[in-house]
Amino acid sequence: MSAPPSPALPSLAAPRGARDRVVPALAAACAFLIVAMLGIILGMVGIGGWERLSWEFLTTAPRNGMSEGGIFPAIFGTSFLVLVMTVAVIPLGVTTAIWLHEYARPGALRTRAIRLAVHNLAGVPSIVFGLFGLGFFVHFVGGGLDEFLYGGQPVYGKPGILWAALTMALLTLPVVIVATEEALRAVPDDHRRASLALGATRLQTVLRVVLPQAVPGILTGGILAVSRGAGEVAPILFTGAAYYLPRLPTRVNDQFMHMGYHVYVLATQSPDVEKTRPLLFATVLALLALTFLLNLAAVLLRVRLRRAIRR
Amino acid sequence: MSLATNGIDFGAAVPRAEGGEPGARGPERTHLAAQGVTVRYGRNAAIKGVSLKVPEHRVTALIGPSGCGKSTFLRLFNRMNDGIEGISIEGRVFLYDQDIYARDTDAVALRRRVGMVFQRSTPFPKSIYENVAYGLRIAGVRDRSEIARRIEESLVGAGLWDEVKDRMHDSAMGLSGGQAQRLCIARAMAIRPEIILMDEPASALDPIATARIEDLISSLKSRYTIVIVTHNLQQAARVSDYTAFFYMGELVEFAPTQALFTNPGESRTEEYITGRFG
């Protein structure tokens with residue numbers, strides 16, 4: 001069957017202008033550029049650091065003015081830091097999100113003010129958190145504790161893991177709050193209503209129906225916060241990170257070494273930059289691997305828990 | 001305000017029927033009553049001065065076109081309208097002689113006596129067992145054998161037991177739509193309410209699943225007072241003893257189902273049930 005000629009109808013083969021081809025091409029180029037940048041970063045770090053990366057590098061302390069040895073104290077310090085940070089940020093962030101999403105009236109001034117504060121907190125430069133940590137936690141809180149408990153002896157009124165972790169917790173608080181709220185929003189309201197209609201209180205509904213379904217999202221937020229906390233340097237500069245420590249920290253008021261800060265130290269403070277360069281690359285590689293693994297863990301955990309819930 | 005002067009019998013003087021077959025015979029007691037109830041969302045009145053008495057151990061259907069206020073009215077009985085922004089409720093609603101909206105009435109305690117089943121089935125993403133156990137656990141029932149017994153009793157009552165007894169610990173998310181809705185009915189029954197409110201319980205189901213729910217409703221009325229909202233007139237005619245027709249927030253007519261459908265007293269009712277509007 002041949003199509004009857006219909007000159008009145010517009011042709012289906014619409015003329016495509018040059019713009020229709022240029023814009024997608026530009027968009028593709030931009031997307032490629034991003035991938036290329038990531039590739040270049042990973043490639044350079046990988047090539048530069050792979051040689052020095054070894055079991056020994058990961059498990060020993062720096063030697064010889066940091067021109068030899070490994071980064072174990074920095075890995076240990078980073079882990080210690082994010083552990084204390086997590087213990088502080090998860091309860092605070094999750095309860096805040098629960099209040100915002102499950103209890104607060106959405107339009108109320110109070111609710112909007114808190115939400116605005118959370119969003120602004122996310123936009124504060126990290127060095128400002130560092131200064132705040134120094135002023136508030138180290139001098140005000142720590143100094144105050146010393147004044148009361150130790151007669152002015154500097155026990156808590158000096159930089160240490162606890163203050164660095166709390167500063168970092170403030171920095172990552174918005175991540176946890178936003179992720180938790182997102183997770184709570186994904187729980188159908190039908191489930192809340194069904195629970196209430198069965199004679200549950202608000203609290204029972206939140207604890208037994210809403211939160212279990214939100215756990216994957218909350219964990220994702222927690223791990224994102226951890227990977228952020230592992231990588232940020234500015235907040236801990238004044239609040240606890242040390243240039244070099246011969247011993248591992250054992251108490252929460254001890255100073256600590258940190259991978260990110262160690263990178264900075266190796267790159268700028270070393271007496272012989274040429275000599276420390278391979279170590280620098282290897283440290284960066286280890287730091288990238290750590291944050292990548294944490295992010296991967298977040299993704300896998302989320303997938304697994306989602307499956308477990310929807311099963 | 002004394003109840004007696006209203007000329008409405010809220011059943012205060014009649015003792016609760018214990019034992020025997022309650023409500024099957026004898027005079028009907030009023031179980032739920034609305035008295036001059038007006039509900040507003042902001043300035044819009046969703047319910048306008050409705051008074052209605054729901055008899056014990058009967059199925060009462062609320063019918064009417066979409067937006068007529070029947071669902072809002074249903075939710076008055078277990079206070080599920082609480083917490084909606086901008087809502088205001090005037091008039092009084094009673095469970096026997098207790099004022100549901102009195103200052104000292106606890107919505108949680110009320111909902112343990114007045115259960116509810118929703119339009120969309122809402123099984124929790126837990127096992128079948130845990131779904132039915134939920135209401136018992138939050139009510140503080142700890143005894144495992146008691147919980148197991150009540151779960152079986154409820155699932156048998158909801159006509160679901162034979163289908164799920166071998167997979168009680170599987171996720172409830174694997175049930176079909178009709179099974180999930182019967183699970184929700186079982187879940188509501190497990191805490192042994194006196195009343196079950198149903199908000200279009202079969203509107204999302206296929207005809208076979210709908211028929212099973214309707215059979216279930218008929219079998220439940222010996223033990224429960226049932227109030228069902230439906231937009232399906234045949235369903236109202238099949239399952240209910242009394243029917244209330246709502247239109248634009250007003251109660252147009254409330255009568256025994258048989259009478260309302262065969263000999264409506266109001267022209268608007270007749271127009272609606274014969275399909276001339278709505």
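**Working through the A–B interface**

There are six residue pairs in polar contact between chain B and chain A, both partners at pLDDT 80 or more; a polar contact is a pair of N or O atoms within 3.5 Å, where within protein one must be able to donate a hydrogen and the other to accept it, and residues adjacent in sequence count only if both atoms are side-chain atoms. The model is predicted, so local features need pLDDT of at least 70 and side-chain atom pairs 80 or more, while totals for chains, interfaces and linings use all residues. Residues are numbered from 1 along each chain, chains are lettered from A in the order written, and side-chain values use heavy atoms, leaving out hydrogens and water.

**Exercise 1.** Work out which parts of chain B touch chain A, and how much area is buried.

*Solution.* 
- Step 1: count residues. Chain B puts 25 residues in contact with 21 of chain A, contact being heavy atoms within 4.5 Å.
- Step 2: Helices (H or I, at least four residues) and strands (E, at least two) are DSSP runs numbered from the N terminus.
- Step 3: get the area. About 2,000 Å² is buried, with 60% from carbon and sulfur atoms; this is the accessible area (1.4 Å probe) the two parts lose on being put together, summed over both.

**Exercise 2.** Find the salt bridges across the interface of chain B and chain A.

*Solution.* 
- Step 1: apply the rule, a side-chain nitrogen of Lys or Arg within 4 Å of a carboxyl oxygen of Asp or Glu.
- Step 2: take A:D190 with B:R120, at 3.4 Å, N to O.
- Step 3: take A:R105 with B:E85, at 3.8 Å, N to O. A:R105 sits in the loop between helix 3 and helix 4 (109-123) of chain A, and B:E85 in the loop between helix 1 (70-76) and strand 4 (87-95) of chain B, so this pair joins two chains.

**Exercise 3.** Say where A:L245 lies and what it touches.

*Solution.* 
- Step 1: A:L245 is in the loop between helix 9 (234-237) and helix 10 (259-269) of chain A.
- Step 2: leaving aside neighbours within four places in sequence, A:L245 contacts A:Q255, A:F256 and A:M257.
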